[in-house]
Each structure stands twice: as structure tokens, then as C-alpha cells.
Amino acid sequence: MNTYIKITINQILIELTYKFNFILSIISNVIQLMTGIFVWNSIYASNVTIEKYSFSEIVIYLILTTATGLLFSFEPIFRLGRMIHNGKLNEMLVRPVSILGESFAYYTGKKSIFIFIYTMLILIFGINAIEKQLLQIIMLLVVNYIMFFMLISLISTISFWIIEIWPLRPILNAFYMLLGGIYFPLDLLPDEMYRIIKYNPFSIVGHFTTRVIQGNYDSRVIKTLTLVSILYAIIFFILYKRIFKKGLKKYEGGGN
Amino acid sequence: MNFKIYKNLLYQSFSEMMSHRFTSICIIIFGIMFIGIEFIAGYVYFQFSDLLLGWSRDDYFLLISSFNIITYGYQFFFILSHEILSESIIEGELDYILIRPLNSFFFYSLYRVDIPSIIGLIISIITFSFFLPIRLGLLEIVIVFLMFVLNIVFVFLINHIVVITSFWSEKSEKLLALPEYIMDFSARPRNFYPRGIKFIFSIIIPSFIATNSIVDFIRKEFNILEYIWFLIFIFILGILSYYFWNKGLEKYQSAN
């Protein structure tokens with residue numbers, strides 16, 4: 001356990017040293033957020049009434065979903081790919097650490113600053129919901145974090161079969177932006193479309209969690225979301241283990 | 001730099017595309033997804049009102065389509081060259097070209113084309129034609145075509161200026177995404193933004209003119225003085241780009 005904590009702390013220190021990358025990530029997301037806010041401002045300025053959302057609710061929604069975009073990203077997918085193709089995975093395989101555990105510790109360290117920012121935003125914008133459903137919200141957030149990590153770990157195993165997986169990044173980002181409700185709340189889509197995409201992993205992490213923090217769902221819904229997230233995490237974990245094992249058989253250990 | 005050399009570069013681009021088929025397929029899929037997401041978002045924005053600050057849904061989709069044409073036009077002709085150039089400058093690998101009797105500025109600007117982006121370009125041209133509210137006469141078609149070319153040149157130049165900073169700073173690689181953020185931010189009707197932001201991105205960095213001018217022309221809201229300023233800006237940026245490229249070459253250090 002100490003090993004994984006050290007890996008996390010190490011990564012936190014690296015992130016704090018290379019602040020430029022972190023600042024650029026914030027800037028890019030703030031630009032995206034401002035674009036969304038101005039578009040929605042123009043909608044409300046056109047004397048439009050949207051039943052489900054006031055303008056301030058939409059703004060808070062966009063702020064929180066933008067923050068989830070910082071927290072839930074796809075870097076680990078490309079990290080495993082790099083290790084496989086430059087042979088550095090060999091070093092990891094001979095070490096007395098779990099590759100999944102090391103990856104989780106690394107990811108947590110890398111995201112630590114954004115975890116802090118996200119927590120602050122939740123405390124600012126979700127204080128009402130937190131007061132009523134604190135433990136349930138914490139449980140949902142922790143399960144979501146683990147579920148999303150398992151999803152991206154599962155996707156990363158594709159690196160054993162495909163040489164260049166960086167082209168997947170924009171596709172995954174596009175999926176996340178649409179299915180996660182980053183551009184707009186998903187319940188503003190036509191009902192049929194919303195019903196189909198409602199419980200996808202990105203939606204649970206983005207749209208639904210944001211609406212929970214805004215205090216729009218009761219305990220029953222939060223429990224359902226938590227159970228769905230746990231189910232996804234288990235499925236992704238089982239698939240990851242099987243595919244990783246198959247991938248290791250294919251792995252040749254060569255590299256630069 | 002002449003047509004024969006450019007033809008060879010095109011052939012090399014095609015060969016590279018065929019070697020990296022997975023990458024090419026991902027780029028095509030992403031292009032189609034991204035266009036789809038923008039239209040879905042537009043559908044959601046306009047479900048509450050036929051007009052948003054004077055813009056109809058078709059006007060909005062026309063703007064998105066014209067922005068996509070500019071973006072995919074830039075990507076097709078220049079994006080790979082910029083990605084390779086930035087890395088080559090930082091790694092000190094420009095020698096191969098610098099020792100040849102070629103104008104390095106133009107050679108490196110046109111070094112590679114991104115063939116998969118042509119699919120996104122074609123789709124965007126089709127959607128642009130579909131959402132045109134009026135039939136354009138021959139002269140108008142020529143003017144619109146020239147405006148597209150100039151707007152693509154604008155995007156090329158602002159990216160090129162950022163790439164050139166690689167001669168002076170290693171961190172500039174991270175800045176490469178900044179022009180993309182600016183253009184994405186500007187890919188909405190200018191009216192949606194407050195006055196201060198309109199001023200900054202119409203006069204100081206005229207990205208709004210690049211993205212909105214074609215639709216303004218079609219909607220008969222074209223501001224000729226503003227576009228003249230845009231042309232002057234492109235001219236100045238082109239001169240600065242060439243000047244700093246040569247200054248950068250003086251500073252350049254080979255890795256060989």
C-alpha cells in the first residue's frame with residue numbers, strides 16, 4: 001500500500017513542478033465553458049423559458065460538467081500504449097506491484113489538483129444537496145471515479161493490438177462531450193434519444209452526477225446511479241483482466 | 001518550391017496515410033462525429049425558439065458549416081506540417097531541409113497534407129450548400145470561395161506564429177492548441193458575445209471576422225471596412241510570420 005501512496009505523492013509533486021501543462025488545461029476548459037455560457041445567455045436573452053433549467057442553473061451545470069471534463073480524462077489509455085510500444089512495460093511486469101494498482105495511483109496523483117478543484121466547486125455549488133445527502137454523494141463520486149478509471153483502463157488494453165492509439169483521443173473526447181452532457185444537459189434532448197443514452201458511463205459521470213450535486217435528485221435516484229456505476233465498474237474490471245491477460249500473451253517486450 | 005516538389009509531397013502524404021490506416025480511419029470518424037455533435041447541439045439550442053438574437057437555426061448551421069470548411073481546409077493543407085515542424089524545431093531536425101535549395105518557409109508550410117480531413121471538408125461543403133438560404137450567383141460564389149481561402153490562410157498564420165515560437169521556447173509545443181481554442185471560441189454568432197469580447201476578437205485578433213464574415217456576406221450584413229482590416233491583418237501577420245521564421249532559423253541549433 002505504501003508503494004502506491006508513494007507513486008501518488010510522486011505524481012502530485014511532478015504535477016506541481018510542471019504547472020504550465022496544468023494551467024493550459026484550465027485555460028482550455030475555461031474557454032470552452034465561456035463559449036457555452038455565452039450561447040446559453042443568448043438563448044435566455046431571446047425571451048425563452050426553459051422549464052427544467054433557469055439560466056443560473058445552466059451556468060452551474062456547465063461549470064460542474066466542465067470540471068468533470070478536467071477530472072475524468074483519457075490520459076492513462078495512452079500511457080499504457082507508450083509503455084507497450086517502447087518496451088517499458090517489461091520493467092513494470094518484473095516489479096512487485098500490480099500494473100492496475102500502479103496505474104490507479106499514477107492517475108490519482110496526476111488528477112489530484114483537479115480533484116481538489118472539483119471538491120471546492122461541489123462545496124460551493126452543491127452545499128444544499130451535500131447537507132441532505134452527504135454520504136450518498138461521496139459514495140457516488142468515489143464509485144464514479146473508480147468506474148471511469150476501469151473504463152479507461154479497459155480501453156487502454158487495445159494498445160496490445162494497435163500501434164498508434166492516439167487517434168482515439170479526439171473520438172473519446174467527442175463521445176464524452178456528447179454523451180456526458182458537457183455541451184448541454186442531456187435531458188434537453190428528445191425523450192426517445194435521452195432514454196437510449198441515459199445510463200451510459202459518461203452520462204453517469206457527467207450529467208447525472210452534476211444534477212445530483214445541484215440537488216435535483218432524491219436518495220432513490222442516487223442509489224440507482226451508484227448501483228449502475230458499481231455494475232459498470234465490475235464489468236469493466238472483469239473485461240480488463242481477461243483482455244490484459246490475452247494482450248500479455250501477444251506482448252513481445254520489444255521497444256526503443 | 002514548385003508544383004513538381006509539391007506533387008511529390010502529396011504522394012508522400014498519401015503513402016503515409018496508407019501506412020497508418022487506423023489513424024486515418026479514426027480521423028475520418030472523429031471528423032464526422034464532431035460535425036454531428038455540433039449539429040445536435042445546435043438542434044438543442046434552437047428547440048426553444050426559432051430565433052436567437054436574430055439568428056435562425058439555419059443561419060446557425062450555416063455558420064457551423066462555414067467554420068468546419070475553414071477548419072478542415074486548414075487541417076487538410078497545413079496541420080500535419082505544423083505538428084511535424086514544431087517537433088523538428090525542438091529536436092533540432094530541420095537540417096535535412098535547410099541544406100536543400102528550397103524556400104524553407106514554404107516547404108515546411110506545405111510539407112504534408114492530411115488526406116483523411118478531406119472527408120470532413122466534403123461533408124462540411126455539403127452541409128454548407130444545404131443550409132444556404134439563397135441561390136448564389138457566379139460572382140457571389142467566387143467571392144465566397146476567396147473568402148474561404150483567406151480565412152484558411154488566417155488560421156494557418158496564427159498557428160504558424162505559435163509554431164515559430166518553438167525556436168525560442170520548448171514549452172511552445174503546449175501552446176500549439178491555443179489557436180484552436182481561439183477559433184473554437186469564435187465559432188458562434190458574434191452577437192452572442194458581449195461587446196468587449198467582440199472588440200477583442202474582431203479587431204485585436206480578428207477570429208470573429210474569419211468565422212462570421214461568410215455568413216454575414218450571405219445574410220447581407222457584411223461589413224466591408226471590417227474585412228479590409230482583416231485583410232490588412234493577414235498581410236501584416238504574413239510578413240511577421242516570414243520575418244520571425246528567418247529570425248528563428250538564425251537562432252536554430254541542429255542536433256547533428
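Between them, chain B and chain A bury about 3100 Å², and 82% of that area is on carbon and sulfur atoms. Buried area here is the accessible area, found with a 1.4 Å probe, that two parts lose on being put together, summed over both. The contact draws 33 residues from chain A and 32 residues from chain B, where contact means heavy atoms within 4.5 Å. On the chain B side, Ile37(B), Tyr45(B) and Phe48(B) lose the most area to chain A, together 19% of what that side buries.

The model is predicted: local features need pLDDT of at least 70 and side-chain atom pairs count only at pLDDT 80 or more, while totals for chains, interfaces and linings use all residues. Residues are numbered from 1 along each chain as its sequence is written, chains are lettered from A and ligands numbered from 1 in the order in which they are written, and side-chain values use heavy atoms, with hydrogens and water left out.

Arg188(B) sits in the loop between α9 (178-186) and α10 (195-204) of chain B. Its relative accessible area is 5%, so Arg188(B) is buried; the classes are buried under 20%, exposed over 50% and partly exposed in between, with a 1.4 Å probe and protein chains only. Not counting residues up to four places away in sequence, Arg188(B) touches residues of chain A and chain B, including Thr35(A), Val39(A), Tyr183(A), Glu38(B) and Asn212(B).

Chain A has twelve helices and zero strands. Helices are DSSP runs of H or I with at least four residues, strands are runs of E with at least two, and both are numbered from the N terminus. The radius of gyration of chain A is 19 Å, close to the 18 Å that the globule rule gives for 256 residues, so chain A is as compact as a globular protein of that length. That radius is taken over C-alpha atoms, and the rule is 2.2 Å times the number of residues to the power 0.38. Of the 256 residues, 54% count as buried.

The unreviewed UniProt entry annotates "transmembrane region" over several spans of chain A, among them 58-78 and 136-163; such annotations may be inferred rather than shown by experiment. Two of the spans are set out below.

| Span of chain A | Helix and strand content | Distance between end C-alpha atoms |
|---|---|---|
| Residues 58-78 | 86% helix, 0% strand | 33 Å |
| Residues 136-163 | 75% helix, 0% strand | 42 Å |

The largest nonpolar core has 141 residues, and those touching the most other members are Trp40(A), Phe74(A), Leu89(A), Phe148(A), Phe184(A), Tyr45(B) and Phe154(B). Helix α8 (residues 127-156) of chain A gives the most to this core, with 13 residues. A nonpolar core is a set of buried Ala, Val, Leu, Ile, Met, Phe, Trp, Tyr and Cys residues joined through side-chain atoms within 4.5 Å.

Leaving out residues up to four places away in sequence, Trp40(A) touches Val44(B), Tyr45(B) and Phe48(B) in chain B, and its partners in chain A include Ile58(A) and Phe184(A).

Phe74(A) lies in the loop between α3 (55-71) and α4 (75-85) of chain A and is buried, with a relative accessible area of 2%. Its contacts beyond four places in sequence are Phe148(A), Ile152(A), Leu172(A), Asn173(A), Tyr176(A) and Phe202(A). Phe74(A) and Ile152(A) are 78 residues apart along the chain, and their C-alpha atoms are separated by 6.3 Å.
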